[in-house]
Every structure is written in C-alpha cells, then in structure tokens.
Amino acid sequence: MKKILFTLLTFVGFSSAIAEDYDYPYLTIVTSGGTVKSVAASSLVLTISNGQLVAVNGDGNQTFTLSALSKMYFSKTNETATGTQLANGLAFSASETTATLGEDFTEPTLTNPYELPLTWSSSDEAVATVDEDGEVTLVAAGTATITASYAGSDDYVAGAVSYTLTVAKPDPVANGLAFNASEATATLGEDFTEPTLTNPYELPLTWSSSDEAVATVDEDGEVTLVAAGTTTITASYAGSDDYVAGAVSYTLTIDKTDTIFDLFAGSEVDVYSLTGSYIGRYATIAQARAQLKHGLYVIRSNHKSFKLSIK
C-alpha cells in the first residue's frame with residue numbers, strides 16, 4: 001500500500017505524505033477546501049482518470065479532484081471531517097445568444113477552472129440539441145435553454161449554469177419570378193403564345209386573369225382568348241420560409257378577327273362568279289352586298305380574294 005501511495009503522490013506532484021507503518025487502517029485525504037476524508041486501506045485500489053482520483057474499496061467509490069488535493073497520509077483512525085466546499089467556478093461568457101438556421105454558430109464560452117465533469121442538456125431538443133462536450137446542433141426556429149450541470153463533490157459545490165439560445169429562421173430569398181415581356185397582343189381565332197415565365201425554383205403558382213370576359217388562364221398559365229379587350233394575366237406565389245412572396249404579370253390586348261368588311265373597308269371591289277365570270281365593280285363591299293342577288297360570289301380587292309355568301 002505504501003508503494004502505491006508514493007507512486008501516486010509522485011505522479012500528482014505531492015511529496016509531504018509519510019506513512020510510518022504499513023498497517024495503518026486508513027488512507028486520509030485532505031482537500032484544499034478543508035475536507036478531510038478517510039477511506040479504509042484494506043483492499044484499496046487507487047486510480048486516476050480525467051483529472052479525478054478514484055479510491056475503490058469494500059465500502060464503494062470515493063472520488064476526489066486532483067487539482068483540489070492538499071495532502072494524503074495513512075492514519076490509525078477515521079479522521080473524516082467536512083470542511084468548506086469551494087465554489088465550482090462555472091460561468092458562461094453570455095446569458096443569451098442567437099443563431100440562424102443553416103448558418104455557423106459559436107456557443108458562449110464556458111469557464112470551468114477546475115475541469116469539473118459536466119452534464120449537458122437542452123430544454124427543447126426540437127429547437128437545439130447539445131452533446132456531452134457542449135457542442136450545440138441547431139434543429140428548428142425557437143428558444144431553448146442550454147445547461148451545464150455539476151453534481152458536486154466534497155471539494156466543490158454542486159451547481160448549474162445556462163444560457164438562452166434563440167434560433168431564428170433564415171431570411172427568405174427572392175423568388176426569381178419574371179416574365180420576358182410586360183405586354184402581349186393576340187387576335188381572336190389565331191394562335192397565341194404566352195410570354196415566357198422564369199421560375200427558377202419551380203415554386204407553386206396561382207394564375208389569374210383580371211377580366212375573364214376577355215381571356216381566361218388555367219392552373220398551368222395557359223391562356224384562352226374569349227373576346228376583344230385588355231386583361232392582366234398574373235402569376236402569384238404565396239411565399240414560404242425560404243422564398244419571398246410575390247407576383248408577376250403581363251398585359252394582354254386582344255384584337256377582334258378582321259372580317260371581309262374590315263379588310264375591304266373604303267375600297268372598290270370586283271365581283272366574280274364561282275366559275276370565274278366577271279360580274280362587275282362596286283364602290284364598296286357593302287354596295288356589292290346590297291345589289292347582288294342571293295348566291296355565292298368571289299370578291300377581289302387589294303390583291304386579296306374572299307368568298308361572299310349573300311342570302
């Protein structure tokens with residue numbers, strides 16, 4: 001036992017303990033806080049681990065912090081006495097801190113001057129978790145209290161220190177929606193190609209027409225022309241945690257289909273039978289329509305030809 005004691009004393013830097021007899025029944029340990037603890041020397045095993053001296057015998061385990069030991073010696077009697085425990089010295093550099101999901105986060109600095117063993121916990125693991133070394137992992141927006149607890153010992157007072165962590169959502173980014181044109185025109189009865197929409201994040205959109213008597217639009221942005229007039233076609237995004245809400249639109253002007261009367265307005269027209277026989281020239285298409293008999297004719301004017309049915 002004496003050999004074990006002196007080996008331990010040499011390792012931790014003590015040299016004042018002296019055992020006068022191998023048969024002293026107690027090993028007595030004195031801490032810097034004044035605590036005196038005697039442990040039975042019979043079958044005593046001493047080990048050092050993580051800055052702690054652990055004394056194991058038939059009575060169980062006794063743990064002492066190496067940095068708090070004052071002296072050790074063999075004694076004839078149990079000299080156990082409780083002195084004044086030292087403050088544990090635990091402190092965080094800040095009582096509150098904030099973090100943003102998806103961004104780097106540095107925990108407040110913990111002061112632990114005696115390298116005491118700690119237990120870490122989070123009050124809300126749906127917001128943030130903390131591992132055995134105090135490293136925090138952000139999970140979701142919200143608030144959690146991160147706590148470092150010390151169970152206490154003969155040398156140091158038990159206690160806990162904590163900080164409040166507020167986790168914020170990241171600011172949403174621009175949605176990137178845009179049409180390649182702010183205005184478009186179409187003619188009833190003719191093909192119409194909508195302006196191209198840029199939607200880089202493939203966001204879900206709601207489509208609308210400001211005047212469905214002029215044009216309607218379906219859930220995919222495809223437009224159906226209804227009547228001559230003007231309407232605004234809009235693609236709207238409701239917004240989310242990731243992308244800003246917004247809407248983009250274009251103005252659609254629809255012209256009516258030209259009729260034969262529109263095409264030949266103010267022009268003389270030549271009239272032919274379906275077999276190609278020339279019938280005559282009229283000052284206007286309206287005059288030809290009024291004077292010709294019922295039947296089907298070919299009207300020519302301005303290098304254009306149309307069939308005209310008079311009933």
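Start by selecting Gly142: is it buried, partly exposed or exposed? With a relative accessible area of 25%, Gly142 is partly exposed; here buried means under 20% relative accessible area, exposed means over 50%, and partly exposed is in between, with a 1.4 Å probe and protein chains only. You'll find Gly142 in strand S13, residues 142-150. Helices (H or I, at least four residues) and strands (E, at least two) are DSSP runs numbered from the N terminus.

Before moving on, a word about what you're looking at. This is a predicted model, in which local features need pLDDT of at least 70 and side-chain atom pairs count only at pLDDT 80 or more, while totals for chains, interfaces and linings use all residues. Residues are numbered from 1 along each chain as its sequence is written, and side-chain values use heavy atoms, with hydrogens and water left out.

Now show what surrounds Gly142. Setting aside neighbours within four places in sequence, Gly142 is in contact with Val127, Leu165, Thr166 and Val167, where contact means heavy atoms within 4.5 Å.

**Zoom out**

Switch to cartoon for the whole chain. The protein chain has three helices and 26 strands. Of its 311 residues, 35% count as buried. Take the contacts between residues at least 6 apart in sequence: 53% of them join residues at least 24 apart.

**The salt bridges**

Select Asp241 and Lys169, whose side chains meet in a salt bridge at 3.3 Å, N to O. This pair links distant parts of the chain, 72 residues apart: Asp241 sits in the loop between strand S21 (229-237) and strand S22 (246-255), and Lys169 in the loop between strand S14 (159-168) and strand S15 (178-179). Asp241 counts as partly exposed because its relative accessibility is 45%. Lys169, at 49%, also counts as partly exposed.

Then go to Arg281 and Glu268, another salt bridge, at 3.5 Å from N to O. Arg281 is in strand S24 (residues 278-282) and Glu268 in the loop between helix H2 (260-263) and strand S23 (269-273), so the bridge ties together parts 13 residues apart in sequence. Colour by accessibility here: Arg281 counts as exposed at 53%, while Glu268 is partly exposed at 47%.

The link runs from Arg281 in strand S24 to Asp270 in strand S23, eleven residues apart. Asp270 is buried, with a relative accessible area of 15%. Show the trio together: salt bridges with shared partners join Glu268, Asp270 and Arg281 into one network.

**A charged patch**

Which residues gather in a patch of negative charge on the surface? Select Asp131, Glu132, Asp133 and Glu135. A patch is made of residues with over 30% relative accessible area and no salt bridge, like charges being joined within 9 Å (nonpolar side chains, namely Val, Leu, Ile, Met, Phe, Trp and Tyr, within 5 Å). Lys and Arg count as positive and Asp and Glu as negative, with His and the chain ends not counted; the place of a charge is NZ of Lys, CZ of Arg, CG of Asp or CD of Glu. Centre on Glu132, in the loop between strand S11 (128-130) and strand S12 (136-138). Glu132 counts as exposed, at 69% relative accessibility.

**Two backbone stops**

Most residues other than glycine have a negative phi. Check Glu115, then: its phi is positive, about 50°, although it is not a glycine. Glu115 is in the loop between strand S9 (110-111) and strand S10 (119-122), and counts as exposed at 64% relative accessibility. Glu202 also has a positive phi of about 50°. Find Glu202 in the loop between strand S17 (197-198) and strand S18 (206-209); at 70% relative accessibility, it counts as exposed.

Technical notes:
Accessible areas come from the Shrake-Rupley method with a 1.4 Å probe; for residues, only the protein chains shown count as cover. A salt bridge is a side-chain nitrogen of Lys or Arg within 4 Å of a carboxyl oxygen of Asp or Glu.
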